[in-house]
Amino acid sequence: MRLIIVLFSLLPFLSYGQQLQGKVTDAIRTPLANVNIVNRSSGSHAHTNALGIFFLSDTQAGDTLLISHVGYATYLHVVPDLDHELEIILKESAVELEQLVVTAQVRAINQMAAVDLKTNPVNSSQEILRKVPGLFIGQHAGGGKAEQIFLRGFDIDHGTDISLSADGLPVNMVSHAHGQGYADLHFLIPETIRAIDYDKGPYYANKGNFATAGYVDFHTYDRINKSMAAVELGSFNRLRTVGLFNLLGDTEKHGAYLATEYLLSDGPFESPQNFNRLNLMGKYAGQFSHNQHLTLQASIFDSKWDASGQIPQRAINQGLINRFGAIDNTEGGFTRRVNVIARHTNQLNDRSFVMSKVYYTHYDFELYSNFTFFLNDPVNGDQIRQKESRGIAGLESVLNQSSALPGVDISLQSGAGFRYDDINDNELSRTKNRKTTLNNISLGNVDESNLYGFVNAELNVGPWLINPGLRLDYMKFDYINQLDSAYSSLSVSKAFVSPKFNVVYAPRRDWQLYFKSGIGFHSNDTRVVVAQNGQDILPAAYGTDLGTILKPTDKLFVNMALWYLFLEQEFVYVGDEGVVEPSGKTQRKGVDVGLRYQPFNWLLLDANLNYAHARSLEASEGQNYIPLAPALTSTGGIAVLPYAGFSGTIRYRYLKDR
């Protein structure tokens, strides 16, 4: 960490040397990040930052640049001189694996995500997370409930060990009424998704709580070039309407659009789901000077549904109901989310910029479940209600700086922020037919705060990328139990330090080797933390990855990784009892393999194979299996890209018995 501090102190005095500066955007003037720029004369290369800006060394007037990015036509440009900043506009084109570049500086795994998104577009909110290779989802208890997530030997429930965000807005809900880390992405309109950024493991300093098995960040379009509307009809009374409407037309510095989605479906069940969902989002992006950019975004999401829930196999075997029947058809729920977020970018100079965001979310949730039907209460049944209302407020500011020394390019990132959750009437109650409250099991108010700061450095030395980082989190948990006869406020706090260290080596322009290591954490539910007097507040996760990315031909892309993850403590949430059971130390290790092959411009094949060996370390052999941990998963498919007016996909998913 001393190296990072020294680099920060020296940064303003470092000499940049003679370099070419440029900026790359798309046709609607949106800056493009991670564009690859290669000097065909000298062999030097660079990539664009978050503002689309790049610096290319060892370049002279008359040199030819090759500029490429997934989903855009490769562009050749002759450098006229070094005195003016290049402004390059890339045009969208068909996706080809040839556009993928493997270097130490470019995260090729995210290029692969761009290929998957463009060749197999998301057509429902349930499909969004399936874009992450090795990540499985399953839906239960109605279409409005968040998906069950499986990744790297984890049954993550609804988000305990994966960090999810959308346009910088956190999706995971801490100390949620249904389960820690509950992450509902149904407020995202699939047609608005521009890019997906993901990775596995606790290896990045700008990722904090829940980023143990990995993280997924979604980015929507800042601007759209044309309006669209669609109506979809399907079985089981399914109706979906979606529209994106350009509000300002084709203006150079300002753009705004409105997106809306409405979905109705009864599902295949004898007792109709009566599922409906409404999404409405508005977004404005503007440039107010050469160096000031502002994005304003607001959305509202509303969903209601009934559910047939889980049913006992013996009832089907006895012919009492079929597989689409129900025993308690009053299950279901309601949820609403209102989001407001503002993002501001201030370019301080050619080599540094500050990106800031401020956000607020109002969230309501109400879920009715019945796991045991009439086992505990033969008269009224065993239905429960989980309910809460919360506000989330947050702020983050990140300073990005870059510089160069002979043979070394340096990028430094330092950020700080906070998140505050104000959760009211966090409830678990026994109910009857959704209307009658029989008794309260738990009821209270939660205040949870997370203050954090991080530093991250990238040193590019020839074919090497060295990436140390450090993160500090301070968390405070407050709980007021409303079922206590006397007022009592319980409070616990703790700090957590997360070092990271990653190394990437690219011996050739078609081959990358990497080693990743880091410590992360997932926080525990406030109600459990205060009850245990602050024990096991932030159990650590220790991870390492050793992998390679290889592109032996322009038509073939291969990625492989060996990985290991150790957790100090895991918890199993028992929703119908309102308690969390500790399960001790665990370890997981496994192999990830991915292939992308494009034999023809119009045909793309892909396959992913993921194996995980998950075991408890505090149980005897044979008794140390982790319940419901996925061991083997595989996904893949065939995509016919737009060709002669036709396109289509066939996909498969495989999950071995757990």
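**Figure 1. Negatively charged surface patch in the predicted model.** In this predicted model, a patch of negative charge on the surface brings together Glu85, Glu87, Glu252 and Asp350. Aspartate 350 belongs to the loop that connects β20 (331-349) with β21 (352-369). Its relative accessible area is 44%, so aspartate 350 is classed as partly exposed, the range between the limits of 20% and 50%.

Figure 2. With a relative accessible area of 35%, phenylalanine 245 is partly exposed.

Figure 3. Strand β2 comprises residues 36-39. In a regular strand, side chains alternate between the two faces of the sheet. In β2, Asn36 and Val38 point one way, while Ile37 and Asn39 point the other way; all of these residues are buried. Strand β3 (residues 45-47) pairs with β2 in the antiparallel sense over three bridges, and histidine 45 of β3 stands opposite valine 38. The two strands, β2 and β3, form a hairpin with five residues between them. Within the turn of this hairpin, glycine 43 adopts a positive phi of about 85 degrees. Strand β5 (residues 64-69) also pairs with β2 in the antiparallel sense, in this case over four bridges. Isoleucine 67 in β5 is the bridge partner of isoleucine 37.

**Figure 4. Contacts of strand β18 with aspartate 222.** The side chains of lysine 283 and aspartate 222 form a salt bridge, with an N to O distance of 3.0 Å. Because lysine 283 lies in strand β18 and aspartate 222 in the loop between β14 (214-220) and β15 (228-234), this pair ties together parts that are 61 residues apart in sequence. Lysine 283 is counted as buried, at 3% relative accessibility. Alanine 285 is also found in strand β18, which spans residues 275-289. The relative accessible area of alanine 285 is 10%, so this residue is buried. Between the C-alpha atoms of alanine 285 and aspartate 222 the separation is 5.9 Å, although these residues are 63 residues apart along the chain.

**Figure 5. Salt bridge between arginine 240 and glutamate 261.** A salt bridge joins the side chains of arginine 240 and glutamate 261 at 2.8 Å, N to O. Arginine 240 is in strand β16 and glutamate 261 in strand β17 (residues 254-265), so the contact ties together parts that are 21 residues apart in sequence. Both arginine 240 and glutamate 261 are buried.

**Figure 6. Salt bridge between arginine 434 and aspartate 306.** The side chains of arginine 434 and aspartate 306 meet in a salt bridge with an N to O distance of 3.0 Å. The pair links distant parts of the chain, 128 residues apart: arginine 434 occupies the loop between β23 (408-432) and β24 (436-461), and aspartate 306 lies in strand β19 (residues 292-307). Arginine 434 is partly exposed, at 25% relative accessibility. Aspartate 306 is also partly exposed, at 22% relative accessibility.

Figure 7. The structure holds 29 salt bridges.

How values were computed: Residues numbered from 1 in each chain as written. Predicted model: local features only at pLDDT ≥ 70, side-chain atom pairs only at ≥ 80, totals over all residues. Heavy atoms only, no water. Patch = residues over 30% accessible without salt bridge, like charges linked within 9 Å, V, L, I, M, F, W, Y side chains within 5 Å. Areas by Shrake-Rupley, 256 points an atom, 1.4 Å probe, with all protein chains shown as cover. Salt bridge = Lys/Arg side-chain N within 4 Å of Asp/Glu carboxyl O. Lys, Arg positive; Asp, Glu negative; His and termini not counted. Charge placed at Lys NZ, Arg CZ, Asp CG, Glu CD. Buried < 20%, exposed > 50% of the residue type's maximum accessible area, 1.4 Å probe, protein only. Pairing = 2+ DSSP bridges.
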